Amino acid sequence: MKNTSLFVSFILYLFLCVLLSVLNKKISANKRKIINKFVENNNLDTIYQRHIPAKLKKKNLVDHKIKKNKNNIIKLDSKNKSIFNGNTFFINSAKIKSYSKNVFKKDSKSKGIYLLNVQAGKKIEPFLGSLNKYDSPTKTIHEIIIHDKKICLCKYRLSVKYNFLKKNHVLLNLETIQDITKKYVVDTSNYYVDYFIDIYKINQFENIYNNNIVDFIYLYKKYAQTKYKEKFNTLHYGNSFIIVYPPPNLSGQLHAGHYHNFIYQDVILLFNKHVLSKYAIPIYGTDHGGLSAHEMFWKLFLKNKGVDYINNSEYVTEMNKWQNEIKNDIIKRLQNINIVIDENEFYNTMDENMKHIVSKTFYILYKNKLILNKMYPVYYCDDLKTIIPRQDIEFYEKPKEQSDQKWAVKLYIVSKDDINNEDSKRANEISKESVMNDQSGDVYIIPKTQNVISYLENPKNLKLNEENVIYLELEDKNDVHNLSGVLFNSINKEQFQNKYAFISSCKKVVPMIYCKRSYICPSEDAGKETEKKKIVFAPVFSLARHNDKDGTTIFQHFQHFQHFQHFEKNEKAEADAVKRYAYYKGHKCKLVLSEHWYIDYQKLNRVFRESNLNTNFTVLPTKYKKYFFEEIINDDWILNRQIPHGHKIPIYKYECDENVDKKNINNNKFDSDNVCDSNFEYYVYGNDVEEAYNNMKKSSIFKNKTIKIEELKQKDVLDSWFSSALYFIHCLDQSKIDIYKLLKEKECLVDFICTGKDILHPWIVRSFVLLYYLVNNNYIKYILPNQFKNSVDKNDYQLAKVVKFHGLLKDNVGKKISKTDKNVKYYDKYLKNLNPDTIRLSFCFMQKEDTEDVIFSEHFIYKSEKFLRKLWNIANFIKINCSFNLYNKIKTKYKLNTNEKIYNFLENLDFPKIGHIGIHISYCNLIDMVIKNLKYFDSVQAINIIHNFVMIYFSKFYINYYLYSSTNEYMKEVGIFLLLHIFKGVLKILYPFIPHITEVLYLQIYRKENNDISKQNQINENLFQPLSSNYNFFENENFTLKKSIISSVHFDIFTRLFNYFCNLKKNKLPDKSNFHIYIKFNDKNNDLPINYFYQEGSFFNKFFDMDISLCSDKIPLIKNNDQDVEKNQTLLYSSNDFDVILVSKL
């Protein structure tokens, strides 16, 4: 009975097993049917990942035996059904439900098939049974997720097509796939995801730069860069290479001049990152532009729209909106030239952290009396309503505005003894700090300097000398009423020092003010010896008309005088006046006398200039280092700008009531409760009005005084160069770099700065000076308290290790390309339809070694396109003719893992060839020279060395040599090995210059084949990284070979012979059956390896199809038909190394 029960149970068990098996197969078949139907109905091309997991942690694996295509390429049969190249697998797990919900943001209860990352990155949902039709006849299913009651995830292919339009890197699906793999695939299985299957299939040059391909590789590099930077920490500081790209102003689109700068720096960055294996950290951002942005905004929003006025808040709102559009355009344009940028780490000089740094630095300079206030002659633009710095002024001999009339005013030079006026005594102190100034604490009190102009009620007492007269040219006769002074420059300074100019028509006396010649003349004129001897004068005006004591304007008060009688054209006026007209970007400017905050720059840079320890940085070209020390510009740095957008000057002016009785200050205290004395002006520091109010209350000067907070006014913004000079500190701080530890480790903030020579002083030198002052005096700890908890113990820290200046990119008429100029789009016609590699390479060829200005031309584009085509053709030749398995076999068999071993292997062959040995020597010299040049930041020499090697030695010579010199199969294998070995090195050394095509070719030739080998031999796939994620291209490789029999000189002779015969073959020669050609070596130097050359005779005969023989002084020419050939020879070519002789056959 017991046995019967067991038997029945066994039968039932078998029946259930069979039933479950049938049901399982039916379910699986239904699943396959659904997917196949989806594929067939939509005519989709489905390709599966080549490497299949050996085991899964879940047992419900549905395995399919599908026909394999020999070339791993998917084909469609006659019925348009897919032929799969691999096995699908299913993973059933409840965890997929929540995972899918979180990643793909889809309700878990939904039922459907989801085709991801197709059609511009959109998610497509075809419902089961009524599948969508697509316009394109062929689509690729890259990833299908099927939601049903069992929450089943089906992956037909793990090589996904990426979403290029969305910025979230999760949509790359790299982490998605890796996460699923870790959770559900056994770690020991031979499984990995190949992201580059689509790259392997590119077979046309134009397809390399297909938008999807370019975006895919860019996005992969961006993903790799993010992972790379996440690992950066303080341990890497010693081997780091930090570079801060000059921030372009947010005043217009990025132009060719920026490409010129950014591409060069990106080459240097990628070289350090991938070749020198340094931890390279690039930092990108923009500058708010200040005056430059204000001028463009004025054109676009005020002038073009016909708006006369816009309030400050509306101005700032519109400016921010406009600049945000420019920022996005800049990022896009940089991406178009293959510069990898993370939008989340793209900084600006108006960031919140930057505002803190600017304010703290201003306060430090203010407290140490390096920021002061005084009356100062500056250029003012009526159109833009702001002052313009002298370095931005352009001078013209004639005014741009048409004017038929010119007026000249006659001024008498008088001494201060001739004028008995108290106000005039103050006028002489315009450019000097008053002894009554008080800058105690946060409060700054200075005497008013508005009365620099005198009006004489009884000028008859003046002694006027007609021989002591000057003439000033004025554009409008009414300008005389606004004249505040006369600027002069003379070798004999005392001639006009402490003198005044008297205008008899309106009884007006103005001071004579000495200034540098370069301030009122073009720099090129100021430097000429003949010009230096001339005395020059320039009128300086006030911003507002001066009022007399009764409140009426001077014009009204003296209108009964015939004060225009002296205004007439005068030849002497032409000699006295400065015949230059000042403009800023086409806007007319005039000199005005105005009150401004300024940095005492001469005092600030004195410590920097005089420090003996302050020379431990390199300037390229070296001639520019003198501008940091010997020829440093010591002009006061005017800080005020009258524009709404920018960093507000953290100083508030207390507006005094002019009706209050004037009091004097005694011992820094007032005699009454009145806060103000109208003879003085009061300023107080504060980041906002509340802080300024509290600082004023705390001051002992205003003790027990009634202060009205509404009387505190803040007007101007800081010069944008001030925040630009602190930009490096801001960027490193925001990049979470420990500046304190970085300085201790490297003694500099950044490794390399590259910029145009035009901003050497306003940006670079000032940045050096400011940082040196802050660090040397330990003020940096107040700016960055979280980083500098301890004081720095040295005083030789620098901003940068290397500073390089380059020439300016100019248009065809020699004008600098500028965002705010009409020529901003001048080169767009050349660059518009170019691929990123052509653009990069064109600008690399255009670079100059010195700071010579450059002009872009189509020649650079043609040269670049030809070179890229050549690379593609070489790669195709290698893919067709060379076996990677054979290369790997030779490399492994003979242990050819160093260049020295490869050289010894070639030299010890039974029949060593100059061609093989020479190309290897030339390749090693190439890499060695390029590395040396790029270490010294010379990209011009480097790219030209590579270009010559590829075009002349590798392509023209060695590929032909490989085809025609192989005497047996073994020598052919040697040639295959060298072709693959050298081309791999060429792609690596070219990667910094043209990262896209080199990545594609490297993936196609080396990674694809390496992956096939890894599949067979279980080699770790991580060894074959793309170039973009390989951070040590030439690990343990040495390119300096020992001296041997064959040298680069001998190979040069051999290739010159080859090139000569290539040219000779093009010429018309007699019937080749009627002559011999002899190559006679002039082996006076005994080191010429004649025997090696003789072994190459067959190559010349075979390739050129000529009767060519080799001889030397030691081995004479052979005789022909018992006749001495010397009687019938013709010298075709002669050099120090060899002669080519044609001998007619008899």
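In this predicted model, helices α28 and α30 are roughly parallel to each other, because the angle between them is about 10° and angles under 35 degrees count as roughly parallel. Helix α28 comprises residues 914-935 and helix α30 residues 969-990, and their axes lie 11 Å apart. On the α28 side, the residues that meet α30 are His916, Ile919, His920, Tyr923, Leu926, Ile927, Val930 and Ile931. Their counterparts in α30 are Met971, Val974, Gly975, Leu978, His981, Ile982, Gly985, Val986 and Ile989. Sorted by class, this contact contains 12 nonpolar and 5 polar residues, and no charged ones.

An open sheet is built from 4 strands with antiparallel pairing, in the order β17-β30-β29-β31. The edge positions belong to β17 (443-447) and β31 (712-713); each has a single partner strand, so one side of each has no neighbour in the sheet. Within the sheet, Val443 stands opposite Val684 in β30. Two helices lie across strands of this sheet. Helix α17 (residues 689-698) lies across β17, β29, β30 and β31, and its angle to β30 is about 115°.

Strand β34 (residues 798-806) is mostly covered, with 8 of its 9 residues buried. It pairs with both β26 and β33. Val803 in β34 is the bridge partner of Val619, while His806 in β34 is the bridge partner of Gly756.

| Strand pair | Sense | Bridges |
|---|---|---|
| β17 and β30 (residues 680-685) | antiparallel | 5 bridges |
| β26 (residues 618-620) and β34 | parallel | 3 bridges |
| β33 (residues 748-756) and β34 | parallel | 7 bridges |

Two further helices concern burial and length. Helix α19 (residues 727-734) is mostly covered, 7 of its 8 residues being buried. These are Tyr727, Phe728, Ile729, His730, Cys731, Leu732 and Asp733. After α19 comes Lys736, which has a positive phi near 60°.

Helix α32 (residues 1048-1066) has 19 residues, which at 1.5 Å a residue should span 27 Å; the computed separation of its end C-alpha atoms is 27 Å, in agreement.

Terms used. Residues are numbered from 1 along each chain as its sequence is written. This is a predicted model: local features need pLDDT of at least 70, side-chain atom pairs count only at pLDDT 80 or more; totals for chains, interfaces and linings use all residues. Side-chain values use heavy atoms; hydrogens and water are left out. Buried means under 20% relative accessible area, exposed over 50%, partly exposed in between (1.4 Å probe, protein chains only). Axes are lines fitted to C-alpha atoms, for helices over the stretch in contact, and angles run from 0 to 180 degrees between N-to-C directions. Angles under 35 degrees count as roughly parallel, over 145 as roughly antiparallel, 65 to 115 as roughly perpendicular and the rest as oblique. Contact means heavy atoms within 4.5 Å. Ala, Val, Leu, Ile, Met, Phe, Trp, Tyr, Cys and Pro count as nonpolar, Asp, Glu, Lys and Arg as charged, and the others, Gly among them, as polar. Two strands pair if DSSP finds at least two bridges between them. The expected span of a helix is 1.5 Å times one less than its number of residues.
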